[in-house]
Amino acid sequence: MGYPLGVDDVVERLQRGEERALARAISLVESGSREGEELLRQVRSITGRARIIGVTGAPGSGKSTLTDGLIASARGRGRRVGVVAVDPTSPYSGGAILGDRIRMTRWHDDPEVFIRSMATRGHLGGLAAATLQVLAILDAAGFDTLLVETVGVGQSEVDIVGVADTTVLVLTPNSGDAVQTFKAGIMEIADIFCINKFDLPGGERLKREIRAALQLGAFPDGSWRPPIVEAVASRGEGADEVLERAEAHRAYLEERGLLEELRRRRVRFELLAIVGETLRRALASREDEAVDAVMAGRTTPREVVRHLLEEGAGPDVGRAQGAPASALRRGETAPESE
Ligand SMILES: Nc1nc2c(ncn2[C@@H]2O[C@H](COP(=O)(O)OP(=O)(O)OP(=O)(O)O)[C@@H](O)[C@H]2O)c(=O)[nH]1
Ligand SMILES: [Mg+2]
């Protein structure tokens, strides 16, 4: 699109902070092309400088409002800020994208802020992998503070936030989030608790509940104890403290030599996400066929997966869908085509 450069050029310009190179890099990667893969490979060695802060919480808890405050706070400290807002296609979040846009438009003229919304559908390798790839590109482009907003509590996207360096869990008074959160087991991934909407009644009580829950957990000497930050994000209150705590957490990770481990965990997560999504795609076009075959006793689920893996040994794993010479139809345990 008027930017006909090779991958090497794009990577070089990306590092120089060229805005068009950033857009080009992201579209290359999202196209799922070989060039996109090459770009990701080259970019990997120049990533790892940015701090990644995940912001998660129930729908409507104020994540975007808080994120907007975090951008302001980080800009105040001279940071370059990249934001990835993951908009799950969920029944609750119908208005979320519009809301995000309205709140964050004030950054459109700031070249040191880059905001990207990711929709749930249409990503090769799945949303989680796509999000991590965009983060890697932003990191390579020199954005030093990366914010990832995802809806948590019982949604699969919660995982993505677990791969941030620092995870901020946004809770609100009287919403029953806390109880839900304990059930969903995401309490453990919170490095910072943010009680947003502290202007509403019930904030103090929620704070006591979180404290009590934290006391049940074991914190070995010198380990990170998640702080609880009160916020009224809609009035811009609390974001500074959340960012401050996030920086303290980052320093803690550095001191403890834990950053490398987090980096490994991110790559492991990315691999698993792509494995899962690739197999799901491969199965999609013949799911009914496979179900029929299993039910009729012609094959087993494990056999089906083995076939999918064999077929997908080439580079075009997810794209071999519907190939007429499908192993499912050929193999000794395969169903006969009716
Ligand atoms: N009373 C009060 N309302 C707030 C506060 N922070 C945000 N809100 C309001 O809560 C609503 C939801 O805020 P968002 O920032 O869109 O919440 P979100 O978690 O990003 O929502 P989704 O992305 O849809 O999950 C908006 O109407 C905000 O104005 C706060 O501190 N107090
Ligand atoms: Mg939002």
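**Entry 1: strands.** I started with strand β5 (residues 166–171), which pairs with β6 in the parallel sense over four bridges; two strands pair if DSSP finds at least two bridges between them. Strands here are DSSP runs (E, at least two residues) and helices are too (H or I, at least four), numbered from the N terminus. I then found Leu 169 opposite Phe 193 in β6. On its other pairing, β6 is joined to strand β7 (residues 228–230) by three bridges, and they run parallel.

**Entry 2: ground rules.** I noted that this is a predicted model, where local features need pLDDT of at least 70 and side-chain atom pairs 80 or more, while totals for chains, interfaces and linings use all residues. Residues are numbered from 1 along each chain, chains are lettered from A and ligands numbered from 1 as written, and side-chain values use heavy atoms, without hydrogens and water.

**Entry 3: the metal.** Which residues coordinate the magnesium ion (ligand 2)? I found Ser 64 (OG) and Glu 149 (OE), at 2.1 to 2.2 Å. Ser 64 lies in helix α4 and Glu 149 in strand β4, so the pair ties together parts 85 residues apart in sequence. Donors are N, O and S atoms within 2.8 Å of the metal (3.2 Å for Na, K and Ca); water is not among the atoms, so sites may look incomplete.

**Entry 4: burial.** Are Ser 64 and Glu 149 buried or exposed? Both are buried, meaning under 20% relative accessible area, with exposed over 50% and partly exposed in between (1.4 Å probe, protein chains only). I also saw both faces of β6 covered: Ile 192 and Cys 194 on one side, Phe 193 and Ile 195 on the other, are all buried.
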